[in-house]
Amino acid sequence: MKIIILLGVVTAVVGYSYDDARINGDFVPLDTNNDGYLTLDEVFTKFLADDENGNCKVSLREFADGLRPGNYSQDIIRAAYEFYDKLDGTAHGFLDPFTILHLFKLLDDDNNQKVSLGEHLKAVREIIQISAHDAGVTR
Ligand SMILES: [Ca+2]
Ligand SMILES: [Ca+2]
Ligand SMILES: [Ca+2]
């Protein structure tokens with residue numbers, strides 16, 4: 001698995017339940033032209049929308065504001081943010097356009113420059129598992 005190799009971490013999530021319907025629900029607003037695939041442009045559009053103060057960086061608060069309210073716990077949101085922040089190997093304390101490039105590569109499992117619903121679901125499940133593990137969520 002790409003993410004595991006990338007981070008060199010072993011996930012041991014004990015019975016943490018995530019909700020596929022929620023993850024799929026997150027995909028739909030990202031797919032702005034409704035063709036069932038996310039392109040880099042579409043993911044980048046989300047980044048620009050999240051960047052409320054327009055400084056080309058997405059802070060933890062901006063990131064949290066961009067998620068649908070009540071979808072994920074604060075701990076998971078923070079852990080996911082830190083996970084994204086470290087995708088290029090360094091924690092900067094913010095997400096920038098390079099983060100989006102790394103994230104897109106991570107999501108696009110078969111490397112065809114499009115992220116399908118299945119690829120998104122698989123990758124986000126893994127990210128949530130890793131984030132839940134990092135946040136110490138064990139329920
Ligand atoms: Ca699309
Ligand atoms: Ca910002
Ligand atoms: Ca793909």
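Is Asn-111 buried or exposed in this predicted model? Asn-111 is exposed, because 7 other C-beta atoms lie within 10 Å.

## Basis of the model

The model is predicted, so that local features need pLDDT of at least 70 and side-chain atom pairs count only at pLDDT 80 or more, while totals for chains, interfaces and linings use all residues. Residues are numbered from 1 along each chain as its sequence is written, and chains are lettered from A and ligands numbered from 1 in the order in which they are written.

## Overall architecture

The protein contains 7 helices and 2 strands, arranged along the sequence in the pattern α-α-β-α-α-α-α-β-α. These elements are DSSP runs numbered from the N terminus, with helices (H or I) of at least four residues and strands (E) of at least two.

Of the 139 residues in the protein, 18% are buried. Among contacts between residues at least 6 apart in sequence, 58% join residues at least 24 apart; two residues are in contact if their C-beta atoms, placed from the backbone, lie within 7 Å.

## The largest nonpolar core

The largest nonpolar core has 21 residues, of which Ile-76, Ala-80, Phe-83, Ile-127 and Ile-128 touch the most other members. Two or more residues are given to this core by each of helix H5 (74–85), helix H6 (97–107) and helix H7 (117–135). H7 supplies the largest share, 6 residues. Such a core is a set of buried Ala, Val, Leu, Ile, Met, Phe, Trp, Tyr and Cys residues joined through C-beta atoms within 7 Å. In soluble globular proteins, nonpolar side chains tend to be buried together.

## Helix packing against H7

H5 and H7 pack with their axes 8 Å apart, at an angle of about 110 degrees. H5 is therefore roughly perpendicular to H7. The axes are lines fitted to C-alpha atoms, for helices over the stretch in contact, and angles between N-to-C directions run from 0 to 180 degrees. Angles of 65 to 115 degrees count as roughly perpendicular, under 35 as roughly parallel, over 145 as roughly antiparallel, and the rest as oblique. H5 contributes Asp-75, Ile-76, Arg-78, Ala-79, Ala-80 and Phe-83 to the contact, and H7 contributes Ile-127, Ile-128, Ile-130, Ser-131, Ala-132, Asp-134 and Ala-135. By class, these residues comprise 9 nonpolar, 1 polar and 3 charged. Here Ala, Val, Leu, Ile, Met, Phe, Trp, Tyr, Cys and Pro count as nonpolar, Asp, Glu, Lys and Arg as charged, and the others, Gly among them, as polar.

Helix H2 (residues 20–30) also packs with H7, at about 125 degrees and with the axes 10 Å apart. This angle makes H2 oblique to H7. The crossing is right-handed. On H2 the contact involves Asp-20, Ile-23, Asn-24 and Phe-27, and on H7 Leu-117, His-120, Leu-121, Val-124 and Arg-125. The contact of H2 with H7 has 5 nonpolar, 2 polar and 2 charged residues.

H3 passes H6 in a right-handed crossing. The contact joins Leu-40, Val-43, Phe-44 and Phe-47 of H3 to Pro-97, Ile-100, Leu-103 and Phe-104 of H6. The contact of H3 with H6 has 8 nonpolar residues, no polar and no charged.

Val-43 belongs to helix H3 (residues 40–50). Val-43 counts as partly exposed because 19 C-beta neighbours lie inside 10 Å. Apart from neighbours within four places in sequence, Val-43 is in contact with Leu-30, Leu-38, Ile-100, Leu-103 and Phe-104. The C-alpha atoms of Val-43 and Leu-103 are 9.1 Å apart, although 60 residues separate them along the chain.

## Loop residues

Asp-51 lies in the loop between H3 and helix H4 (60–66) and counts as buried, with 20 C-beta neighbours inside 10 Å. Leaving aside neighbours within four places in sequence, Asp-51 is in contact with Cys-56, Lys-57, Val-58 and Glu-62.

Asn-111 is found in the loop between H6 and strand S2 (115–116), and has a positive phi of about 60 degrees although it is not a glycine. Gln-113 lies in the loop between H6 and S2; Gln-113, not a glycine, has a positive phi of about 65 degrees. Gln-113 counts as exposed, with 11 C-beta neighbours inside 10 Å.

Definitions and conventions:
A residue is buried if 20 or more other C-beta atoms lie within 10 Å of its own, exposed if 12 or fewer, and partly exposed in between; C-beta atoms are placed from the backbone. A crossing is left-handed if the near helix is turned anticlockwise from the far one by less than a right angle, and right-handed if clockwise.
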